[in-house]
Amino acid sequence: MRIAVAGATGNIGSLAVAALERGGHEVTRMSRALGVDLSTGEGLDEALAGVEAVLDVTNAPAADEVETVSFFTDTTSNLLAAEQRHGVRHHVLLSIVGIDRVEGNAHYAGKRAQERLVSAGPVPWTIVPATQFHDFAEMVAGWTERDRVATIAPLLVQPVAPADVADVLAQVVAGEPRGRHVDVAGPDPHDLVDMARRTHQVRGRHVRLVPTWSGIFGSAMAGDVLLPGADALIAPTSFDAWLAPLVADADPAGDRSSDIGRGRSAPAGPRPFFWRVPGVNACFRAIWTALPVPMSREASAADSGTVAL
């Protein structure tokens, strides 16, 4: 089966491509870096020739709510129109658990607009909501860390492994349209503060964590707002299982104060360059709070995989 992946060079996109290829599918990679620009429609018709299904894991750049909604509206409209022209029979969108329960987040507003377009669009569809990834807590703490002190909201989350999400997406896009898919989540709920503490510990870092609702995440996100539904599909990889390989990867010399969280999953890779830039603006951080798949340095906005806050 020929399947196109929009956002193929991002974290989730690359994992999904690998999962599809393992399943014997022919994959067309779509990203701005590969000459397909969803914002303008450039390269879409060429990329979708002969494609039967499309998986959209693209992400928006940092912006305010109006700009983010506009970005998702333009890119999704262009993609759906091109799919209709080429007779694509299944459009799969990776979304985020809880976006309908959180106001005031630009990225969530954009994702809601994207979901509306897909569900009302001309191509049969499936929307797959996923929870945060296992490295989410470390990432959030890294945004505010100064002099080995970081503020972090005590969110209750049920993190999931990116590779597990990619496997689910590969199965869904190769199947029949289902409408709204059940939530995809990891096995266990965790407190974000404890997750950050444990991740720092295995990496040999010493960071004092200060729980607070006065930062990026407000008290409106307390409780079960970010947890999956009772009928969720529970992926197999636990947070403990994700941490285990990081122990071997930890720096034996101890604290790496200049390297805040080296990567997404084992083996750890380098953080994007802006991780170390002091005073990263609040708007940028707010966008990243909504991503189970944070943008990589080399991925453009339409290249990277989306996921959860």
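Analyst: A residue is buried if its relative accessible area is under 20%, exposed if over 50%, and partly exposed in between (1.4 Å probe, protein chains only). By that criterion, 57% of the 309 residues of the protein count as buried. This is a predicted model, in which local features need pLDDT of at least 70, side-chain atom pairs count only at pLDDT 80 or more, and totals for chains, interfaces and linings use all residues. Residues are numbered from 1 along each chain as its sequence is written, and side-chain values use heavy atoms, with hydrogens and water left out.

User: What makes strand E1 and strand E2 a pair?

Analyst: Strands pair if DSSP finds at least two bridges between them. Five bridges join E1 (residues 2–6) to E2 (residues 26–30), and the two run parallel; therefore they meet the definition. Within the pair, alanine 4 lies opposite threonine 28 of E2.

User: Why is helix H5 called roughly perpendicular to helix H7?

Analyst: Angles of 65 to 115 degrees count as roughly perpendicular, under 35 as roughly parallel, over 145 as roughly antiparallel and the rest as oblique. H5 (residues 136–144) packs against H7 (residues 192–202) at about 90°, the axes being 8 Å apart, and H5 is therefore roughly perpendicular to H7.

User: Which residues make the contact between H5 and H7?

Analyst: Contact means heavy atoms within 4.5 Å. H5 contributes Phe136, Ala137, Glu138, Val140 and Ala141, while H7 contributes Leu192, Met195, Ala196, Thr199 and His200.

Notes: Helix = DSSP H or I, 4+ residues; strand = E, 2+ residues; numbered from the N terminus. Axes fitted to C-alpha atoms, helices over the stretch in contact; angles between N-to-C directions.
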